[in-house]
Structures are given as structure tokens and as C-alpha cells.
Amino acid sequence: MTTSTTPLPARIKAIRQLSGDTSLFTLQLLKQSPTQQTTPARFQPGQFLQLSVAGVGEAPISYCGLPSVNGSIELCIRKAGRVTTALHSAVVGDGVAVRGPFGHGFPLEQYTGTNLLLVAGGLGMAPLRSLLLALLQRRSCFGALTLLYGAKAPDALLFRHELADLATRKDLSIRLAVDRAGACPPGIPSCSVALLPDLLEGLEIVPQRTAVPLCGPSAAYRSLIPPLLALGIPPERIHLSLERRMQCGTGVCGHCAVGTLLCCIDGPVFAYSALQAIEGAL
Ligand SMILES: Cc1cc2nc3c(=O)[nH]c(=O)nc-3n(C[C@H](O)[C@H](O)[C@H](O)COP(=O)(O)OP(=O)(O)OC[C@H]3O[C@@H](n4cnc5c(N)ncnc54)[C@H](O)[C@@H]3O)c2cc1C
């Protein structure tokens, strides 16, 4: 897969509010890249693109949907600073620009035949939704599929409308945790007040046949990795997405260094085995 490093124009096709500060934006590319073969709409779950708003700036954003052939791209964006606030003020039809895909995503090819335990904290659900949709598209290629997802409160759970549908599937197990009590989304059975690592309790895990894609804040990684290792999951099968301040996205500027690795080209998804010796990586 090749990357479009030139920003390509896109239009906002749809906006759906997912929580108080986070919305799902569907973009439509208006033009293919000059080489035709490169398109920011074709990617591996876990990769990201650089999204720019004219006159404001550019920000790295993970893909949260499935790759498309028609140039449609889904992004789940939290209002944080200049670019994302500009996006949240935009309306359907407004123009933006995108370049990508960048970095390494989740190693889908390694997941064939294995059980998968997906663990998402907060906005980490965005890239994991992309991965989950890709796994469900080829469901028979994978073993047992479990999603653990934690958010601050029930109304901060992203993609609630989809979680309710997913919870009815027999080939996917979902456990949800929230920091604060509140009404749980209808149709979702187990939305407990707990911390993410608590959701591991009682799970039947076959460590040698399980891979764990993780996405969330560093604090979640620090609390989840020790119990995962204690369960016997090998460090090379824990795959986590790191968030670092980025600028070029192409390994030139060095802003996103993690030890000797660069988050933008070596990551953002890393095997824990590649990070465990790097002080401050998590
Ligand atoms: C690989 C990757 C994937 C991402 N995916 C998503 C996504 O799917 N959805 C989403 O909403 N956001 C995502 N982010 C985060 C997003 O890029 C940042 O929030 C970005 O700063 C938003 O741009 P802005 O101009 O709105 O904010 P800015 O104006 O740049 O900054 C907003 C605030 O956040 C602080 N800040 C910005 N970036 C960082 C950082 N990396 N670490 C610590 N503090 C920081 C700034 O100091 C400031 O206080 C991703 C980041 C990376 C690196």
C-alpha cells in the first residue's frame, strides 16, 4: 500500500454526534492522488491520516471505519484544540484536506486463526472500531472475539448505536466498564462501574492462542499490561497504539520519537515487546 503525501481535497459528507465532545465525520475524497494508486481511503486498521483545515492547521487522526474504493473515509474526532474545534464547527458540505495513510496498523495477517481480545479505553475505541469491523468482515478467519471497552460514563461510550447491535451477536463477546454510574445504553447487558483491568476477571483466555490489540490512554496501558502478562499473553502478541505529538507524519521531523523509534513510521501500533525496554514509552 502506498501513501498519498500530498493533501487531497475532501468534503464532509455526514456528521453524527457520538458523545458530548466527539463526533463521527464521514468524508468524501474529491480527487484521487496524482499517481492514482495512492489513496487515503485505503488503509490498514490502526493507521492514521493527517487531516487539515485551511488556515487552521493539520492533525493526525486514526481511521475508524473500513477502507473504501469510493473515497469515503470515517473519522471519529474529539474536540481538543485548533483543528478539531474547527472541524466541530464545520457543517456538511464544508471542505477539508487529507493525506495518508501513515504508519503501521494492527498486524491483521498475524491474527488469522487466533483468538482476539480487543481492549479500548475512551477515544481508543475509534481505531479499534476499524479493526473490529475488519475482523467481522472476515469473521470465519479468526477464533474467539472479545471486546472490552471502558469510558468515563455511559453517555461517553462511543458508537452506542452499534454496540447495542454488536451485543446481540453470538460470535462476539462484549464487556463494558464505566467510571461513573448512569443509565446504560439500551440493549447492552453488562455496563458495570469498574476499571478496564477488572473486565479481565473471569475471562477464559488461552494465552498462547490469543492476541491483544489495545488502544487507549497511557494510564490504561500501564494498568492493563501487567495483568495481561500475568495471564500468560506473550509481549509480542500485545499490540498497542501510541499517541505522540506529530508533525510531518513521514519520519522526517523526529517530533514523535519513542526511544529510537518514530511513532509515525514505526508505529503508531507497536508490539509491547518492542517498547518494554524503552523508558517512558507508556
Ligand atoms: C496516531 C494518532 C492518532 C490520533 N487519532 C485521533 C482520533 O482518531 N481522533 C481524535 O480526536 N484525536 C486523535 N488523535 C489526537 C489528535 O491528533 C490531537 O488531539 C491533536 O492535537 C488535535 O489537533 P488540534 O489542532 O485540535 O489540537 P492542538 O491545538 O494541537 O492541541 C490541543 C491540546 O492538546 C495538547 N496535545 C495535542 N497533541 C498532544 C499529544 N499527542 N500529547 C499530549 N498533548 C497533546 C496540546 O498541547 C493542547 O493542549 C490522534 C493522535 C495521534 C498521534
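Strands S7 and S11 run parallel and are joined by 4 bridges; strands pair if DSSP finds at least two bridges between them. This is a predicted model, in which local features need pLDDT of at least 70, side-chain atom pairs count only at pLDDT 80 or more, and totals for chains, interfaces and linings use all residues. Residue numbers start from 1 along each chain as its sequence is written.

**Exercise 1.** Work out how strand S7 is paired and how well it is covered.

*Solution.* Start with S11: there, Leu214 is the bridge partner of Val119. Next, turn to S8, which pairs with S7 in the parallel sense over 6 bridges. In S8, Thr146 is the bridge partner of Leu117. Finally, check burial: 6 of the 7 residues of S7 are buried, so the strand is mostly covered. Buried means that 20 or more other C-beta atoms, placed from the backbone, lie within 10 Å of the residue's own.

**Exercise 2.** Compare the span of helix H2 with its expected value, then find what its buried residues pack against.

*Solution.* First, locate H2 at residues 125–137, a run of 13 residues. Helices here are DSSP runs (H or I, at least four residues) and strands are E runs of at least two, numbered from the N terminus. From first C-alpha to last, H2 reaches 18 Å, close to the 18 Å expected at 1.5 Å a residue; the expected span is 1.5 Å times one less than the number of residues. Then list buried positions, among them Met125, Pro127, Arg129 and Leu135. The buried residues of H2 pack against S4, S5, S7, S8, S11 and S12, with contact meaning C-beta atoms, placed from the backbone, within 7 Å.

**Exercise 3.** Describe how the two domains meet.

*Solution.* Begin with the bounds: domain 1 covers 4–102 and domain 2 covers 108–241, as given by an automatic or database domain assignment. Their C-alpha centres lie 25 Å apart. On the domain 1 side, S1 and S5 each supply at least two residues.

**Exercise 4.** Which residues are closest to the ligand, and which element gives the largest share of the shell?

*Solution.* The ligand is surrounded by 22 residues, the closest being Ala59, Ser62, Gly81, Val83 and Thr84; near means a C-beta atom, placed from the backbone, within 6 Å. S4 gives the largest share, 5 residues.

Key:
A residue is buried if 20 or more other C-beta atoms lie within 10 Å of its own, exposed if 12 or fewer, and partly exposed in between; C-beta atoms are placed from the backbone.
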